[in-house]
Every structure is written in structure tokens, then in C-alpha cells.
Amino acid sequence: MTTAPQTRRGGWPVLGAISGFFFGIFLAFDLLMFGTFRLDSIMVEVIPILGLLLGLAGGVFAPLKFLKRS
Amino acid sequence: MVALTAGTTAYARTLGPASQTRPGAGHLDGPCTVTASIDATGAPIDPAGSDKLTVPIKGSATYSASIAGPTGERAVGGHVEVALPAGLPAITIKSWSDDKAKAVSDSGKVSWDLPSWLPRGIGMRASGVHSDQPQGCSGFMDLTLEGSITDSPAGPASLGFTLLFALGALWSAIPKGQK
């Protein structure tokens, strides 16, 4: 009797959250340098939080199925 | 602080969001007159004007300010500061206070020497408030730090780290393989 191999379809939520957060920080930094918004703009704090949430969501749901590792 | 907060709110109602997002925009409210210029370039600092102001990483500015109306001895105070993101204390450029002031004008020089590693091209808002009797004044001006992205190591480093962590976030979104 054989059993079907278990497949974990998720990604890496912790890595995604951390990477997304720091991606957001440096992206906000880049946008500051390009003059997209001022230093006192709320976007300086919003973008890293959005990056964390997007990275976490990407790690949980792993939407990049076409790049699935074998 | 209370005066600055109230003044800033008043500017938002008076000018609307457009003036707060337009680079180089400034505003001066009250019976004050301020004239200043960057010493190295002679570029005027005019809070009531709309010309863009680029500030060097290191330099000084000569200023002259006066207020119409107050007479006699009274308590005055004020400061000029650069706003930082919410939750962080603003950087105070200059502050003053006097419980028994008699003068109605002041002039002098302000100098600054920012770290060379700071990324260039960043937009900032410098705001100032002067509390006086019977009426004070306040204003703000949008500034840009002089230079290009490559003038500081922080610029290319930030772009590199942005790409690095973007790749990390994308990699984490790839499903794990079968076990």
C-alpha cells in the first residue's frame, strides 16, 4: 500500500515578510532620492509596512507557481 | 510646539494639498519679513516665494528677519526645524527665546554640516514659528538636498539593496517542492 507524497504548497512566510519589509524600506529610500515625496511624508512609513504585508502574503500563498522548485 | 502645530494646520486649510506637494513651495503667515540667502551660491531663501531651493550638504546662510506690530518688552520665542517622518522628533536648526525682549528684528548666520553619506536629492520641509505679542508668525519652505544619487554611497547602495530584497521576496513566493 502506497501513500501519496505530501506536498507543501506554501512558500517562505518569514523570509517573505523580512524581505518585503526591507524591500519597502529601501524602496522608500529610493523614492525619497528621486523626490517622489518629502522626508516627512507618511509614505516613508507606509511603504515598508506594505512591503512586509505583501512579502508575508507571498510567502503564505506562494503565487509564483510557474517557478516551482523541483 | 503648540504654535507650530496650529500654524501648520492653518497652512493646510489655507493652501490645500497642492502647495504642500509642490517642490519649492513656501508660505509665510503673519506680520514677519524674512530675507535670507545661501552664502556659497547667493540663492535667495524666500518662504513667501515659489522658487525651488536647493541646499548644499554643507554650507551657511545669512538671514535677516523682522516683525511689525510688537512694541516694548515682551516674551518671545520660536524655532526653525526640519520635519522628519511621523514619530520622529524634528531636527531643530535654530531656536530662540527671551522673556524680556525689546527688539523687533534679528539677523545672523546659520551654518550646517550634514554627513557626506546622506543620499542626495531628498526633499524636506523646513518650518519656522515665532511667538510674539500681540501676534506671531510662522512659515515653511520646501527644500531639496543638492546633488545626484551617485554623489553619495548611500544612493547606489540603496538601489542595490532594493533589488536584493525584491529578489528575496520573490524567491519566498515560490512554492516549496514536493517532499
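In this predicted model, the side chains of A:Arg38 and B:Asp142 meet in a salt bridge with an N to O distance of 3.8 Å, a salt bridge being a side-chain nitrogen of Lys or Arg within 4 Å of a carboxyl oxygen of Asp or Glu. The count between chain B and chain A is 1 salt bridge. Across the interface of these chains the rule also finds 8 residue pairs in polar contact, both residues at pLDDT 80 or more; a polar contact is a pair of N or O atoms within 3.5 Å in which, within protein, one must be able to donate a hydrogen and the other to accept it, and residues adjacent in sequence count only if both atoms are side-chain atoms.

On the side of chain B that touches chain A, the elements giving two or more residues are helix 1 (2–21), strand 9 (123–131) and helix 2 (154–172) of chain B, where helices (H or I, at least four residues) and strands (E, at least two) are DSSP runs numbered from the N terminus. Helix 2 of chain B gives the largest share, 12 residues.

Taking contact as heavy atoms within 4.5 Å, 34 residues of chain B are in contact with 38 residues of chain A. The area buried between the two chains is about 3400 Å², with carbon and sulfur atoms giving 66%; buried area is the accessible area (1.4 Å probe) that two parts lose on being put together, summed over both. B:Phe165, B:Pro175 and B:Lys176 supply 21% of the area that chain B buries against chain A, more than any other three residues.

A search of the whole structure finds 6 aromatic pairs over all chains. Rings of Phe, Tyr and Trp (its six-membered ring) pair if their centres lie within 6.5 Å, and planes under 30 degrees apart count as stacked, over 60 as edge-to-face and the rest as tilted. Two of the pairs are set out below.

| Pair | Centre to centre | Angle between planes | Class |
|---|---|---|---|
| A:Phe21 and A:Phe22 | 5.5 Å | 75° | edge-to-face |
| A:Phe22 and B:Phe165 | 5.3 Å | 25° | stacked |

Because A:Phe22 lies in helix 1 (residues 13–33) of chain A and B:Phe165 in helix 2 of chain B, their pair joins two chains. Ring pairs link A:Phe21, A:Phe22, A:Phe26, B:Phe161 and B:Phe165 into a cluster.

Residues are numbered from 1 along each chain as its sequence is written, and chains are lettered from A in the order in which they are written. Local features need pLDDT of at least 70, side-chain atom pairs count only at pLDDT 80 or more, and totals for chains, interfaces and linings use all residues, while side-chain values use heavy atoms, with hydrogens and water left out.
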